[in-house]
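Hello,

Here is the structure I promised to hand over. Please open it beside this email, and then read on for what was found in it.

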Amino acid sequence: LFFLMTPPTEHVQENLVSHEESLQVALDIQKVEPADPDQHSDPQRSRHKLLQYCSVIKSRIQSLITALCFISNIYPLAKLRVFLRVFDYTVFTLLLAVNLLIFFSLCDSHCLYSVKTLGKRVGTLIQWNFMFLMIPIPRRSILFYITHISFENVIIFHRWLGRWIFSLTTLHTVLMFVVYYERGGFAEVYHEFSKFKIFTGVLSFFFIIVITLTSLPVVRRKVYNVFMKIHYISFLLVILFALLHKHGTQMAGMILVPIVLYVVDLVFRFTLFLNSKHSVSAASLVGDRYIRLDFKGFDRYNPGQYIFLYIPSISWVSVHPFSLITCPQLTSTASVLIEVKSGWTKKLQNNLLEGKELIRSVWIDGAYGNLNIPFFMELPLVVCVAGGIGIAPIMSLIKSLHVQDTKRTNRVLLIWSCRTQELFTEFADEMGAIVNREDNITSLQLYHTGDTAMETPLEQIGSNSNAFYSSFLPGKPNLSQLFDDIAADAHTNQLERVGVFVCGSRRLRNAVLASARPRRNCNFTVHAESFTL
């Protein structure tokens, strides 16, 4: 960064000569001969040296990306908490390095620090980052198959890149405002911002602000349909006005490849979608907050994955993601559990409450997600922690652990806390049947955290349900103490590593990550899932 960020003055030329050997070893490039003092001020020579170093660093970055992809094929990244963090930091370090390379490679040394040049170079950075922003959008991108990272994990980078673009766009606007203000005050600012090519940039910035505000979790999770509509429309307007802004042809070339990838993904998914019509065999209410849908003939999924549901009788334009609670090896009927909030889910609930004609068919897009079941199969002890409806993918996981022929897992501990009694009742028979199996490997710790006391439906008690309801413990789970006990038990049984799968609220996931800290003789491998994309 020293050689990239410092203008090539006489002082830097001396440093280049004195550090010849270190450059030869670290970067593996030819030695830089001392420049003629008369050519120190030649901008073309300085630019050539700068681009030479940028090219070397670019090749190193490409080698690092290749190494990461190779490692990911041997051992999937983003599965373990530590690897997910390393991958996060690596990706964003690379993005930062690429941004610095682009920024300084396009700057002339004699005007590197002028406000106008900074503003223009930041504008160029925005164009490059739009290309990076669009790469994670396809749900079935070839990059996901190469790196083994699923859509719901990669979309995190899309969000952070969006925030980075918002920051760059704000900086670009402020810098150009300063340039015009210094030239002639507010009158000059108004005159310049009224020009068509600059005004389109202002409009693009406005819709970036709209996207940023509507993408906040408080909006995205409460009114998902509104968020998606605003997101798509505003993004198209951002691209349109950005192309009409300065250097639109250059930006069009940058985003062409991501657009082609997205179109190919869209056509592929739409083709599968048209052939994914399935009949609904049952639709039932689970208390006043949940709905269960069962549909036949869908087995194109792995345990722990999720699907996007399209029900025309509810909405012609809305598609929503839901986790599957079934195991394809055990049944040909796939099931999802839906939490009722507002909009689409509320309308679905009202249709069922009013006794309207049962939903005849649904269209399915998916399945998606990359929960690595074989990895959990390799661990003798697996701990599953669920909060509320977070039990959905865990049910699929537990069922799959019992039907695999080559399993090494010999113990599964399920810790489930929930405020809704009806949700316990819904899964009482299924979980009880798992516990009562002759080859059972699952033990339960259940916690009812609702305001009202837990009432056991005596008329529904059977041998399976009895095994389920006898697993309730008072109060709330003390995760720190529970993981201390699990670590002690693992040490007693000479287990060095324990798998942990958690699905629930952000608070629950953070609590589990804090409690599953490494112990002296036991390490916890944590995979965390969330309710929302």
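**The parallel sheet**

An open sheet is built from 5 strands in the order 9-8-7-10-11, with parallel pairing. (Strands pair if DSSP finds at least two bridges between them; helices, H or I of at least four residues, and strands, E of at least two, are DSSP runs numbered from the N terminus.) Its edge strands are strand 9 (442–448) and strand 11 (523–529), each pairing on one side only. On average, neighbouring strands of this sheet are turned by 15 degrees against each other, direction ignored.

Before going further, please keep in mind that this is a predicted model, in which local features need pLDDT of at least 70 and side-chain atom pairs count only at pLDDT 80 or more, while totals for chains, interfaces and linings use all residues. Residues are numbered from 1 along each chain as its sequence is written, and side-chain values use heavy atoms, with hydrogens and water left out.

Strand 10 (residues 497–503) runs parallel to strand 11 and is joined to it by 7 bridges. One place to look is V502, whose bridge partner in strand 11 is A528. Helix 19 (residues 506–515) lies across strand 7 (381–387), strand 10 and strand 11, at about 170 degrees to strand 10. (Angles run from 0 to 180 degrees between N-to-C directions, and axes are lines fitted to C-alpha atoms, for helices over the stretch in contact.)

P380 sits in the loop between helix 14 (373–377) and strand 7. Is P380 buried or exposed? P380 is buried, because its relative accessible area is 18% (buried means under 20%, exposed over 50%, partly exposed in between, with a 1.4 Å probe and protein chains only). P380 and L495 are 115 residues apart in sequence, and their C-alpha atoms are 7.6 Å apart in space.

**Two packed helices**

Helix 15 (residues 391–403) and helix 16 (residues 421–435) pack at about 25 degrees, with axes 11 Å apart. Helix 15 is therefore roughly parallel to helix 16 (angles under 35 degrees count as roughly parallel, over 145 as roughly antiparallel, 65 to 115 as roughly perpendicular and the rest as oblique).

**The antiparallel sheet**

There is also an open sheet of 6 strands, with antiparallel pairing and the order 4-3-6-1-2-5. Here neighbouring strands are turned by 40 degrees against each other on average, direction ignored.

Enjoy exploring!

Conventions. Contact means heavy atoms within 4.5 Å.
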